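Hi,

Here is the structure I promised to pass on.

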Amino acid sequence: MNERENNEHKINESNKKNENFNNGQALKEKLGAKLSHIKGWAVDADPKNDPTYPMRRREKTSSSSWVRPPQQSGHEHILHSNERPDVTRVFGTAAPAKGLSGMIRRCAFKYSEGRFAHWLLLLVADRVNTVEGFANDIAHGKSCHYLTDKGINAQWKYDRKTVVTKAAVGAAVVGLLAGICLRRHIPNIMPEKRHIWGLLDKHSKLQRFIQDYERMMRR
Amino acid sequence: MLAMNYRGPGRVRASHKPMPEILHPQDAIVRVTRSCICGSDLHLYHGNVPDTRVGTTFGHEFTGVVEEIGAEVRNLRVGDQVLVPFNIACGKCIFCQQGLFGNCHESNPEATAVGGIFGYSHTAGGYEGGQAEYVRVPYADVGPTVIPAGMDLDDAVLLTDVVPTGYQAAEMGGIQVGDTVVVFGAGPVGIMAAKSAWLFGAGRVIVIDQLDYRLEFVKRYAQCEAYNFRSIEDPVLFIKKITDHLGADVCIDAVGAEAAGSAMQTITGRKLLLQAGSATALQWSINSVKKGGVVSIVGVYGPTGNMIPIGNVLNKGLTIRANQTAVKRHLPRLIEHVQNGVLNPKELITHRIPLQDIADAYRIFSDKLDGCIKPLLIT
Ligand SMILES: NC(=O)c1ccc[n+]([C@@H]2O[C@H](COP(=O)([O-])OP(=O)(O)OC[C@H]3O[C@@H](n4cnc5c(N)ncnc54)[C@H](O)[C@@H]3O)[C@@H](O)[C@H]2O)c1
Ligand SMILES: [Zn+2]
Ligand SMILES: [Zn+2]
């Protein structure tokens, strides 16, 4: 930006503030005539006390007070907030809503931005979309990217402790689950610990699951 | 072309995608020369922004060369070297006309509360981002600014977001000569806010964070005071004590939705997503500012709601100012500051990582590994 444009920019800025002020005066005169029956109307009005500048302009503005740019095509398929009448004149096309997550997203857009349901459904759709993406990766033989996508290489280099801790916790969880599932086959290894399995057996759902699993394994 | 590809929370990769095309007569296609990862991208990366779709490309801080222009583009020529503000703005709506380029009403169909932003989920318009070899730039006559001859591209790329955001944070604080300003967050944005506070005449600038390496950096770079809240039991009380028990004139929240420091906020805001992020820094800002003071928010929060002490805002008579940065509005002044050496943005860049290794770049920046302040991606 050269100096001329720069000055122009500054002048525009200050004009805007004056314009705001002048429009305020005009409006005051117009409304003053209309509201002359209200005693004391606007006697203390102070146009300079405007903490909302530059967000609000005092002259009447509406969504039809600017010439809209031409419409990007394909807008029929774009989800738009129901707080606006139509799709904006340009929009992104990064990832059209599709699949199950797309259905949830379409549902979300039935609610306005002020509703919790709108955002909650979108977050749910995001999680479903992650599973869809993972399934797609597997279909394309890319499931092995899982750890590298998480930046494991950098973490291994600069933060090995976290990687080791996570791996240890992961292994422990898998080990525990395997232990629960296969406990009938290994009771003799640790006979004195049998009461722990007994405790677990009290949870009938888990018990049923384990029995089903064992039956399946025996088949 | 090669582009960053989001796969789900915490997982990204570089993969090949089709070249972007002109979809509107006011579009341009830009070949990216520099791009950065921003603290805002981490909200997407962690899966906290609703409508972040798998397969999309992030990135709203980039410079590049104009490769192709649409039929109605007048101000740009093929071959121009441009820096591209992160906001997508039409330049015509009532908000753009007032210089509020972060609040454009013609760039984001999906939400009315936020304007269009490159590579920032479908909640911000569904645009592909600049962490790629090429990118589609809508309303090319409005945002993109030709990089002045002689300006380092590393400086230019930081003018697309970080520098104007820090500057606007200070501007919105309404800082008067002699004011005491507290900045929460010593990330790139907080660092630039601290530096900018002096430009508006602050008498004292204090920065709060939890990472010693960033605090060391900001102390030297922005010549300010810097304190680690991990070694302070009660940050609000601490600020009161060092500000004559009245509080700071201005507090700036340059942290946003992923703040640490309060278990309650972290669990409800970041783990359970019961609120739109953890509002710890905002809570501290409100509580440590002087009565009648100003809280300026540039840290980003989600669209639902947060737990903040609104009663204290009332009782203390505070003014809260906040916005997405209107990058283009600040560019003339900031370009001048960079050219005159008043601001030195490129010193923030600690890492230069090939786009190919994007997963590692995100991990390093997200986990604050290897002394990272600002990572730059090389295409
Ligand atoms: N308004 C805008 O237009 C705009 C533009 C760019 C970035 N942002 C937002 O600004 C924020 C900062 O961005 P960044 O790139 O500097 O991110 P960053 O992640 O690099 O930095 C955030 C810093 O805050 C620190 N922190 C965490 N909890 C804290 C607390 N309670 N008090 C003080 N410090 C705390 C972290 O240690 C970290 O150093 C993000 O929320 C980002 O989305 C807003
Ligand atoms: Zn950013
Ligand atoms: Zn606009």
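In chain B, α1 (39-45), α5 (188-199), β11 (204-209) and α9 (280-288) each put at least two residues into the shell around ligand 1; α1(B) gives the most, with four. (Helices are DSSP runs of H or I, at least four residues, and strands runs of E, at least two, numbered from the N terminus.) The model is predicted, so local features need pLDDT of at least 70 and side-chain atom pairs 80 or more, while totals for chains, interfaces and linings use all residues. Residues are numbered from 1 along each chain as its sequence is written, chains are lettered from A and ligands numbered from 1 in the order written, and side-chain values use heavy atoms, leaving out hydrogens and water.

How many residues surround ligand 1? It's 33, with B:S40 and B:D209 among the closest (near means a heavy atom within 4 Å). A polar side-chain atom of B:Q210 sits 3.4 Å from a ligand oxygen, and a side-chain N or O atom of B:Q324 is 3.1 Å from an oxygen of ligand 1.

Now some rings. B:F217 and B:Y221 are stacked because their centres are 5.1 Å apart and their planes at 20 degrees (rings of Phe, Tyr and Trp, using its six-membered ring, pair with centres within 6.5 Å; planes under 30 degrees apart are stacked, over 60 edge-to-face, the rest tilted).

Cheers

Methods
Polar contact = N/O pair within 3.5 Å; in protein donor to acceptor, adjacent residues only side chain to side chain.
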